[in-house]
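Morning, everyone. Please have a look at the sequence and the model on the screen, and then I'll walk you through the inside of it.

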Amino acid sequence: MLMRFFASVLFFSFFILSSSTAYCQAMLQEEIIQFWNSHFNKEFTTPDCTLTMHKEVLATSDQDECFKEIGLPYPAGPPCNEGQAKLNQAYLFSMVKTRSDIWFGTSANQFCTVLGTYIATINQMIPIEDFALKTESFVCEFGFSSFKNQFVPTNPNLSELPDSLGDWRPPKIFVYNTQTKVRTDKTPNDPLVQDTLGIRASGALSNIVILGGPNLIASFFQGDPSLIDHAAINLFAFKADTGEYLGSKAFPEYLDIRKWIVAGDCLYSAVRSKDGKGRVLKWIGDSNSTDINELLKFEEVGRLDAEGAELTVLDGRLFVSTWATPTDEATSGIYMSPLIPPGGLTGAHMESWTKIWGAENYEPDPVLARAYFMGAMTAYDGYVYWGTINFPLVSFLTHMMVYEPTETEDLILAFLGSWRNISIFRAKGFPDNPVIEVVNGLDMLPAYSPADKTWSLQPNRTGPVLYGLSGFGNIFNSYTWTMEVYGGQLYVGTMDWSFMAYDVGKMLFDTIFDDCEECREKITAFVEGFLADHPEIEQNADLLNMFLGADLWRFSRSDVHALPESLNGLGNYAAYGLRNMLVDDGLYIGTANVANLLADTSAIPHGGWELIRLTELAVTVETDKTSISADGLSTATITALVTHGDGIRVPDGTSVTFSTDHGSFASPSITTTTVNGVATATLTSEASGDVLVATVIARVCGVRNGVAVFFIPDDTPGGVDGIHTVEIIGSGSTEDTTPGIVEVAVKSLLHTLSHYVTTAQYTDNPCSGALPNAQSYWDVHLDDVFELEEVKITFSPAQRGDKIYFCGYSGWRLCSSQTYRNGGIEVTINSCTNPDLMALSGLPFALAGSNTPLAMPVPTMTGYGLVFMALLAAGLACWILLSRRSRRKIGSKEAHSL
């Protein structure tokens, strides 16, 4: 009963692939299969680093029920003397941080309630026999649930739970204190909690925390359209500082709410209204009021063509993604608000929003474009980033609804051609110079032509893909669930349903194909196509645990491809989704999980939600000698201490790569491994008659730090002291400098380019010439001046009349661009000054008093300047020769005429 339906719908792919090729055009079918295989076996690889972040599990779901068999009453417990323990609270559905508290809400058995709602909708068109579903890791009882038969709804318009919500349980609201590490259940004794699907949205402002989600009718009324008048969203309010519960309110104008965001001094959200469209709301409630109607008060400030979902802020504007269902008039897309004025958006801005992009602007098949939903979005490095949602089989069912194919051949091709997974996009330059790009996606996609009833590859409609495949190379990544920027990197969390497919597949394989060996062979061949380059995975099933479960990817910069942080649910591969993120003293992640029967949270894998804190690696680099002889033989030992979390040393064997711009490690770079968190390398100097500054950088999985070592010729008096090396990414400044230099500021042409700035103080004159009245000597070194526009160095203290000099080829020379102000001297260095940027590969400076005889600045040239002067000289020489030749000819003609 239950097997037949699930096999025919969710695993229709396996069923149709087992059909004989006599029923279809085998070549075309194989071509489409090869298209997907050729794309999605290439990035099926382990992460480049086995450790990039420290993981700390802060809280997990509790065992809350005992389960024996489908349809039977639940035994007492837990602890369970009969049956087995169960974890119903599956999703950490939303969260927000106030002070040291993380407020979060949950949703129980969300996969089962979503699947049940889909079944109820399909059942209106195609009668389906009642069924339930049970695997080794999870159970969905639907209408057979004992809870369904016992629960008495608090909503007077709902006489009983529908079959689709048989696995629903009331949601929970918790507070986790990051200082005490204590979780507190804040779920109020409120009838509206008993009528809320899950706490899908959490926001906070002005000491008020607002949490909420759709009521039960809103979650399933598609199965019974007559109930829409009673659908609503339920919101709950708390005091942030005391945790006091302030009350709740239902909003029957709306059907769903997903996210909150603070922009300026205002709290905004996006909702689905009952006209099928979307609205953007601004909270205008009185935070001091005890009247819940005055506290939970909102103003509509934006109208959207479909349900509003995610929100972000960039350049003073709100950007909102939308969810349009396949039956809506609109397609899912991205909206942009007008500029947010002081005091925030108002009702006057309702019609001033602009849709900047829709799924039809990427997807070449107009019917399949209607099956896209928009997922997570955030702002990063001057762009708005967003990802798509491509639920399994939704594209296929959308194609089926429009074209109604009946032949087996057409069904197979429709399934293969309509398959989609997540893509990542970004946009900037609005409103005047808009640029929209595909970050991860496909240049070509299968599209259907109804005129000749064929599938063909067509280019996407947005443009070339910049950095990676759709789904990050994983065909199971179907939901871009969350995005956040942490430590200068963009993190993207997904829903990857591979564990669920694997778990259900194990159950179905023997049951459905027990008498069909040919079916088994075809399915095996299809799956092996994705693993063709990785036979070791087939030989060792445990390797699958490296890839099952949700993915976490990171973009270290906006101009590079993403790298995998985790491909297995952050170590718990039953966690199929990273549902929420927030950034504070770490990257906090709330997970989603289908495995309600894997109730031992100390085991791997296990079910239930998890609250996880990730913290960055930290690399501290030191040298045993700050200066060595520039003889090409002297050495210094470089040490890198690598920690993560709150100062915890990384495991032995962690790879550390050392590189340098001067000298060598027997090569320009070397990779070693840690022992007790420490890696070492030996740096050999470079032979030189001038002082050189080597910037040594130690890198671990994209995290890096640097230290400077001076190579000083033996005849140079004195030494160096007070060495400071600091990384500046893009344009920025540092005050972490040697005494006498108060700030170094760089202006970069690229926002993401990294530069290491080293400042130091010389104990004696490092230049070949004397400088009367010199008071101090310094060195300023940049490891790379590529794409730099300008550098400003501020020396202090100084008196009016003091000057800054630099060490040129013939001794000390006056810096050409310097300004005295407020007891300091600011020296500007660019391509037109003296010295210029190229000189900052290691340049001594000095401050001398006003009585110092002024040396005339000697112009210096870059390599380009020398080339230009050489060409100019050559051109002048040619002109002189031609002029002389011309005069000779004229002279000979005059002589001949005489």
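First, the ground rules. This is a predicted model, where local features need pLDDT of at least 70, side-chain atom pairs count only at pLDDT 80 or more, and totals for chains, interfaces and linings use all residues. Residues are numbered from 1 along each chain as its sequence is written, and side-chain values use heavy atoms, with hydrogens and water left out.

Start with the core. A nonpolar core is a set of buried Ala, Val, Leu, Ile, Met, Phe, Trp, Tyr and Cys residues joined through side-chain atoms within 4.5 Å. Buried means under 20% relative accessible area, exposed over 50%, and partly exposed in between, with a 1.4 Å probe and protein chains only. The largest core here has 44 residues. Which residues have the most contacts inside it? They are F111, F138, M500 and Y576. A second, separate core has 26 residues, including A630 and F665.

Now the strand β4, residues 89-98. Helices (H or I, at least four residues) and strands (E, at least two) are DSSP runs, numbered from the N terminus. β4 pairs with β5, antiparallel, over eight bridges; strands pair if DSSP finds at least two bridges between them. In their hairpin, R99 takes a positive phi near 55 degrees.

Next, a loop. N390 sits between β23 and α8. Is N390 buried or exposed? Buried, because its relative accessibility is 2%. Its side chain makes a polar contact of 2.7 Å with that of T388. That term means a pair of N or O atoms within 3.5 Å; within protein, one must be able to donate a hydrogen and the other to accept it, and residues adjacent in sequence count only if both atoms are side-chain atoms.

Last, the rings. Rings of Phe, Tyr and Trp (its six-membered ring) pair if their centres lie within 6.5 Å; planes under 30 degrees apart are stacked, over 60 edge-to-face, the rest tilted. The structure holds 45 aromatic pairs. W386 and F425 have centres 5.9 Å apart and planes at 20 degrees, so they are stacked. They link distant parts of the chain, 39 residues apart. F476 and W497 sit at 5.0 Å and 85 degrees, so that pair is edge-to-face. F476 is partly exposed at 28%, whereas W497 is buried at 11%.
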